[in-house]
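Here is a short briefing on strand pairing and model confidence. Start with the structure below.

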Amino acid sequence: DQIQGLSYLQVKGSGLANTCPSLSQGSTDLGNIKPGTYTLENMCVQPTTVQVKEESQFRAGDTNFVDTKFMTRLTYTLDGLKGKFTVGPGGSVSFEKADEGIDFAPATVQLPGGERVPFLFSLKELSAKGSLNGFSGDFTVPSYRGSSFLDPKGRGGSTGYDTAVALPAGGDSDELARENTKSTASGKGTAVFSVAQVDKSTGEVVGIFEAIQPSDTDLGSKTPKDVKVSGLWYGRLA
């Protein structure tokens, strides 16, 4: 309702369309969510920080997640999600996301060294279990590009050339196998959600989340990086 009450010109260029609703008044007492089977409606998931796992420059160094900055316009929030939300007598929680809403969005971030990492932020087929303090599960990450996408040499998964035709003598060499064989296979990610506040009168809930998923593989030619997405989420229990 906060955004729906605004005009187009008030929203245009403001970034509000990329933000999830918040609770002006709510309780941190999660006991206000009574046991039962609900429908979680109007679920919105807003990334606030994205980190990418990078290998250390030193031989014995550890791999760590490093901070990045968004290079994409403010269009990466997932919205309109819906699913079955069940709360057990002991505070247990299970959530099965339905196939509704905008549940994936392409985005690109830039590492401190200048490298850009595209990824498809997704919560497709999310199935999570746990408690209100933390319920987690796996989800599917579709291919960043479709099978009909053609690379600069005209190669694609379902159309285009099979090999690099500009290199007739070595187009089928083993070094180019990954480039020639396009793959649109989906990946897997994991996400953890927690409830921070609840409005007993409206059924609205807000919280935080953290998800780890693979980045784009350029149709199978590159090794994906681990991307950690953290942020806020909102929903209404009905």
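Strand S6 (residues 104-110) pairs with S7 in the antiparallel sense, over seven bridges. The model is predicted. Its average pLDDT is 90.

**The S3-S6-S7 sheet**
- S6 and S7 belong to an open sheet of three strands, ordered S3-S6-S7.
- Pairing in this sheet is antiparallel.
- Strand S3 (69-70) and S7 are the edge strands, and each pairs on one side only.
- Across the S6/S7 pairing, Ala107 stands opposite Phe119 in S7.

**S9, S10 and S11**
- Strand S10 (residues 187-199) pairs with strand S9 (residues 134-141) over seven bridges, in the antiparallel sense.
- Gly137 stands opposite Ala191 in S10.
- S10 also pairs with strand S11 (residues 204-214), again antiparallel, over nine bridges.
- In that pairing, Val195 stands opposite Gly207 in S11.
- S10 and S11 form a hairpin, with four residues between them.
- Gly203 lies in the turn and has a positive phi of about 80°.

**What holds such pairings**
- Strands of a sheet pair through backbone hydrogen bonds, in either a parallel or an antiparallel sense.

**Confidence**
- A pLDDT of at least 70 is reached by 95% of the residues.
- Among the elements of the chain, strand S7 (residues 116-122) has the highest mean pLDDT, 97.
- Helix H2 (residues 177-180) has the lowest, with a mean of 82.

Conventions. Residues numbered from 1 in each chain as written. Predicted model: local features only at pLDDT ≥ 70, side-chain atom pairs only at ≥ 80, totals over all residues. Heavy atoms only, no water. pLDDT = per-residue confidence, 0-100. Helix = DSSP H or I, 4+ residues; strand = E, 2+ residues; numbered from the N terminus. Pairing = 2+ DSSP bridges.
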